[in-house]
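Welcome! Here is a short briefing to read alongside the structure.

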Amino acid sequence: MPMIPRIRLYTNVFVVFEGKILLGMKKRGVGEGLYNGFGGKVEPGETPLEAAHRELKEECGIDLPLIHAGRLLFLSAAMPSWAFHIELYRSAPGLSTYTGELAESDEMRPEWFPLSSIPYSQMWSGDKLWLPLVITGEHRFLAREDYDRETDDASKEDSQGQVELKRWWIALEQDPSRTEEKRK
Ligand SMILES: Nc1nc2c([nH]c(=O)n2[C@H]2C[C@H](O)[C@@H](COP(=O)(O)OP(=O)(O)OP(=O)(O)O)O2)c(=O)[nH]1
């Protein structure tokens, strides 16, 4: 029987104000050296939305109303015993203020970017596929990504076991409360 991975549930929050987005430079751990939204593991007894608010506050000091933007499921050949499930949130549309003080934490250095210059080359490689959907917020989506070995030739693998995005798909949710159902 093939190995069946166990699910790791995470959250990730993108704060999007008029014309700009708040990203954090990850200073340690998974995704170190990359810009990302703010997030982490959902703790036992917590809903993903509660975890999203908690991680946003812990990692950059602020809080604000959030909406669910989409769901990312990914597999990585570097960690075959896990399937990653990330609940993605964004700030509620039309907002331009938050509570708390924006501050660097030991995990993240927050930085605003104009929407016209999002640093995709310094982000997880799949993010460019769906972050535009998070920003417009018109449709919730389901995204699936498979990160696999860069080469099938095991002798050429480097010691890090580098993986790259090999296959993906994205589907839009039909959500009449957010947008008129156009495809009948
Ligand atoms: N945007 C994006 N985020 C990702 C991808 N893969 C991935 O793990 N993440 C996110 C999920 C989490 O928000 C974050 C990793 O969380 P973390 O390093 O803070 O997790 P942790 O186990 O340290 O959790 P915690 O201590 O903060 O609770 O990276 C990806 O492909 N794209």
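Strand 1 (6-17) and strand 6 (82-91) each supply at least two residues of the shell around the ligand; strands (E, at least two residues) and helices (H or I, at least four) are DSSP runs, numbered from the N terminus. This is a predicted model, where local features need pLDDT of at least 70, side-chain atom pairs count only at pLDDT 80 or more, and totals for chains, interfaces and linings use all residues. Residues are numbered from 1 along each chain as its sequence is written.

**Around the ligand**
- Of the 16 residues around the ligand, those that come nearest are Tyr 10, Val 30, Gly 39, Gly 40 and Trp 124 (near means a C-beta atom, placed from the backbone, within 6 Å).
- The shell has six nonpolar, eight polar and two charged residues, with Ala, Val, Leu, Ile, Met, Phe, Trp, Tyr, Cys and Pro counted as nonpolar, Asp, Glu, Lys and Arg as charged, and the others, Gly among them, as polar.

**Helix 1**
- In helix 1 (residues 48-60), the buried residues are Ala 51, Ala 52, Glu 55, Leu 56, Glu 59 and Cys 60 (buried means 20 or more other C-beta atoms within 10 Å of the residue's own, all placed from the backbone).
- They cover an arc of only 135° around the axis, which puts them on the same side of helix 1; the arc is that of the directions from the helix axis to the C-beta atoms.
- After helix 1 comes Gly 61, with a positive phi near 85°.

**The annotated region**
- UniProt, in an unreviewed entry, places the feature "domain: Nudix hydrolase" at residues 6-136; its annotations may be inferred rather than shown by experiment.
- Over residues 6-136, the chain is 18% helix and 40% strand, with the end C-alpha atoms 32 Å apart.

Notes: Expected span 1.5 Å × (residues − 1). Buried ≥ 20, exposed ≤ 12 C-beta atoms within 10 Å, placed from the backbone.
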